[in-house]
Amino acid sequence: MTPLSLAHLTVLDVAPPDLFDLAAEAGFQNVGIRILPAAPGAVSYPLSAATVPAWRRRMADAGVGIHDVEFIPLTPEVRLWEFAPALGLAAELGARRINVSGDDADAGRLVDRFGALCDLAASVGLGVDLEFMRFRIVGTLPQALAIVKRAGRANGRLLIDVLHLFRSGGTAEMLREVPASALGSVQLCDAPRKDPTDAGIVAEAREGRLFPGEGELPLKAFMDALPRDIPVGVEVPTGSTHPALGHAERAARACAATRELLASWQPSR
């Protein structure tokens, strides 16, 4: 059975360590944790020397691990050394990867910053996944892959969020061309085929997704284009599409729908 990770955005209002119990009860084997804000003032749950051992005990009791932590926007102003303590604590907690975005129009500087962050993360045993989103500067699969290739770090890879892939014009054929060594993780959800336009694309990503199988994204084709061993996460914030669902039911439905999708998964490599 493919291990599944519950991406924190699915139930972002649920703070650790309650997140671990909720994920386990829903059927997940791992979680992602938003330990750093995606934007100034946004929701996050910072790590500290006190929280790490307490959270490790709760994860062990719940029977879940931690796949990734997030989020670092690689902006022109980013000061990478400030993240060293958080990376060390994340590694101590048991995380395997940290997610970042590309928010710098200077491609050379972005490559250098991504590479430097990969080196910093590697010093504590973490990988770094670059996530592309149409509403950020690095918005497409080819753009993100170029950054990863130019940086040339073994622990620097791509995070494929299928919603962002589809909304930015990505296809299963494009995924098949990506070297397996450049693929870090995939996050699943669903959505209507109709584009929400630039005016609505951020709201869709943050609160308007559908459970796998409810929408019209070519999820099977995307998954079949990926390697069998790619870590699979589920990111389905449904605040506007299923506003009546409680956190536990949202997580349970996300897990069940993903299991149903993966039952017919035929990885190409």
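Modeller: Helices (H or I, at least four residues) and strands (E, at least two) are DSSP runs, numbered from the N terminus. Phe-71 is found in one such run, strand E3. This is a predicted model, in which local features need pLDDT of at least 70 and side-chain atom pairs count only at pLDDT 80 or more, while totals for chains, interfaces and linings use all residues. Residues are numbered from 1 along each chain as its sequence is written, and side-chain values use heavy atoms, with hydrogens and water left out.

Colleague: Why is E3 called largely enclosed by the rest of the structure?

Modeller: A residue is buried under 20% relative accessible area, exposed over 50%, and partly exposed in between (1.4 Å probe, protein chains only). Nine of the ten residues of E3 are buried, so the strand is largely enclosed.

Colleague: What makes E2 and E3 a pair?

Modeller: Two strands pair if DSSP finds at least two bridges between them. Strand E2 (residues 30-34) and E3 have five bridges, in the parallel sense, so they meet the rule.

Colleague: Which residue does Glu-70 join through a cis peptide bond?

Modeller: Phe-71, with omega about 20°. Another cis bond runs from Pro-16 to Pro-17, with omega near 5°; Pro-17 lies in the loop between strand E1 (4-6) and helix H1 (18-26). Most peptide bonds are trans.

Colleague: What makes the largest cavity a cavity, and what is its volume?

Modeller: On a 1 Å grid over the protein atoms alone, a cavity is a set of points where a 1.4 Å probe fits but cannot get out; a pocket is an open set with protein on both sides within 12 Å along at least five of seven lines, and lining residues have an atom within 4 Å of a point. Grid points are joined across faces, edges and corners, and a volume is the space filled by probe spheres set on the points. The largest cavity comes to about 60 Å³, and the count is one cavity of 30 Å³ or more. E7 supplies the largest share of its lining, three residues.

Colleague: How much space lies in the largest pocket?

Modeller: About 540 Å³. Of its 28 lining residues, the closest to the centre are Leu-9, Leu-12, Arg-34, Ala-205 and Arg-206. H8 gives the largest share of the lining, three residues.

Colleague: How do you know on which side of H8 its buried residues lie?

Modeller: The buried residues of H8 (residues 197-207) are Gly-200, Ile-201, Glu-204 and Ala-205. They cover an arc of only 145° around the axis, which puts them on the same side of H8. The arc is that of the directions from the helix axis to the C-beta atoms. These residues pack against helix H6 (162-167), where contact means heavy atoms within 4.5 Å.

Colleague: Why does Thr-197 count as partly exposed?

Modeller: Its relative accessibility is 44%, so Thr-197 falls in the partly exposed class. Thr-197, in helix H8, also has a positive phi of about 70° although it is not a glycine.

Colleague: Which residues of H5 are buried, and which on the other side are exposed?

Modeller: Leu-141, Ala-144, Leu-145, Ile-147, Val-148 and Ala-151 are buried. Their arc is only 155° around the axis, which puts them on the same side of H5. Lys-149 and Arg-150 are exposed on the other side. Gly-152, which follows H5, has a positive phi near 65°.
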